[in-house]
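I set out to record, entry by entry, what I looked up in this structure. The entries follow the order in which I consulted the model.

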Amino acid sequence: RDGDGWDAYAAWRDLITNNSVQNNAFGMIFDETDYINDYPNHNMKNDPNDPLLHGVAGNVNGMEFHGSTSMSINSSQNSTVKGVVFRSGYSTSGTSQVMVAYSRYGQGKVVGLVDSSPADDGTGHSGDNLYDGWNELDNGILITNATLWLADKSNGITDLNYKDLEIYPNPAKDILNVQSEINISTIKILNIIGKVLYQKELNFSATKINLHNFDSGVYFVEINTEEGKQILKFIKK
C-alpha cells in the first residue's frame with residue numbers, strides 16, 4: 001500500500017508475466033478481476049489429508065473474502081500446484097476461480113491467497129485501510145496451517161506417528177505432561193502465529209511443562225527426536 005495505485009495482485013502479475021519468475025514457475029497467477037466479495041465461502045477441496053485444510057491448527061470448513069481477486073492455476077507450468085479453496089459456485093476440480101492454492105518450487109514452497117483480510121488480525125497499522133478478517137469463520141486456522149506448512153523444513157524430516165506421543169491433559173490448566181516412546185531431544189511451545197514461547201533441550205522420554213504463565217488459548221507443542229518430529233495442538237484453560 002505505497003500509494004502507486006497498484007494492488008498486490010497487480011504486482012504479482014507483473015512479477016510473473018515479465019519473466020522475473022520464468023514460465024510462471026509457481027503454477028499460479030492472480031486474475032485481473034478485482035473486488036470480489038465472497039462470504040461465507042464453504043467451497044473447499046475434498047481432501048482429508050490436505051495440510052492447509054486439515055493441518056495441526058484444525059479443520060477449515062469456511063472462509064470469508066472481502067474485496068479480493070481470484071487465481072488461475074496451471075499444472076503444466078508447475079506439476080505440484082493445487083487449488084484448495086474455490087470461489088463459491090465454481091468447481092473444486094477446475095483451474096480457475098481459485099481463492100487459495102499452493103505449490104513447491106525448487107527447495108521452497110509457495111502459498112497463494114487472493115485476499116489480505118484473512119491474514120489481518122487487527123495488529124496492522126491503523127492508517128493502512130486494513131480489514132480484520134482473522135476470526136471470520138476459519139480464516140485464522142487456514143493461515144496458521146499454511147504458515148506451519150511453509151515453515152516445515154520438509155523433505156528430510158519424518159513426522160513421528162501419533163502413537164509414539166501423548167500429551168495430557170488436553171485441555172490443560174496448570175501442567176502439560178508429554179510422554180514419548182523414545183527420548184525427546186528438544187521440545188518447544190508455539191503460539192497460534194508460530195512464535196516460540198518455550199524451548200527446552202532434553203534427553204528423556206517424558207517431561208512436565210508448567211503452564212502458569214501462559215494465557216488461555218490454543219498452542220502447539222513441537223517435539224523433536226532422533227527419528228523425526230511432530231507438532232501437536234493443545235488448549236490452555
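Which backbone nitrogen lies 3.4 Å from a polar atom of the side chain of D31? I looked this up in what is a predicted model, and found that the backbone nitrogen is that of M71.

**Entry 1: D31**

I located D31 in the loop between strand 1 and strand 2. I then asked whether a charged partner accompanies this residue. D31 is buried and has no salt bridge. The nearest side chain of opposite charge belongs to R13, at 5.1 Å. The cut-off for a salt bridge is 4 Å between a side-chain nitrogen of Lys or Arg and a carboxyl oxygen of Asp or Glu, so I did not count R13 as a salt-bridge partner of D31.

I next noted the polar surroundings. The side chains of D31 and S70 are joined by a polar contact of 2.6 Å. Setting aside neighbours within four places in sequence, I listed the contacts of D31 as Y9, R13, T69, S70, M71 and S72.

**Entry 2: backbone geometry**

I recalled that most residues other than glycine have a negative phi, and that most peptide bonds are trans. I therefore searched for departures from both patterns.

Y35 has a phi near 65°, a positive value in a residue other than glycine. I found Y35 in the loop between strand 1 (28–30) and strand 2 (36–41). Is Y35 buried or exposed? Its relative accessibility is 61%, and Y35 therefore counts as exposed.

L137 also has a positive phi, near 45°, and is not a glycine. I placed L137 in the loop between strand 9 (108–113) and helix 2 (139–151). With a relative accessible area of 39%, L137 is partly exposed.

For the peptide bonds, I recorded a cis bond joining Y168 and P169, with omega about -10°. A cis bond also joins N170 and P171, with omega about 10°. P169 lies in the loop between strand 10 (165–168) and strand 11 (175–190), and I found P171 in the loop between strand 10 and strand 11 as well.

**Entry 3: helix 2**

I checked the length of helix 2, which has 13 residues. From its first C-alpha to its last it reaches 18 Å, close to the 18 Å expected at 1.5 Å a residue. I then listed its buried residues: N139, G140, L142, I143, T144, N145, A146, L148 and W149.

**Entry 4: strand 7**

How many residues of strand 7 are buried? I found that 5 of the 5 residues in strand 7 (residues 82–86) are buried, and the strand is mostly covered. Strand 7 pairs with strand 8 (residues 98–105) in the antiparallel sense, over 4 bridges. I noted K82 standing opposite Y102 in strand 8.

**Entry 5: G217**

I ended with G217, which lies in strand 13 (residues 217–225). G217 has a relative accessible area of 26% and is partly exposed. I computed its C-alpha separation from K200, 17 residues apart along the chain, as 21 Å. Which residues does G217 touch, not counting those up to four places away in sequence? I recorded F234, I235 and K236.

Conventions
Residues numbered from 1 in each chain as written. Predicted model: local features only at pLDDT ≥ 70, side-chain atom pairs only at ≥ 80, totals over all residues. Heavy atoms only, no water. Helix = DSSP H or I, 4+ residues; strand = E, 2+ residues; numbered from the N terminus. Buried < 20%, exposed > 50% of the residue type's maximum accessible area, 1.4 Å probe, protein only. Pairing = 2+ DSSP bridges. Expected span 1.5 Å × (residues − 1). Lys, Arg positive; Asp, Glu negative; His and termini not counted. Polar contact = N/O pair within 3.5 Å; in protein donor to acceptor, adjacent residues only side chain to side chain. Contact = heavy atoms within 4.5 Å.
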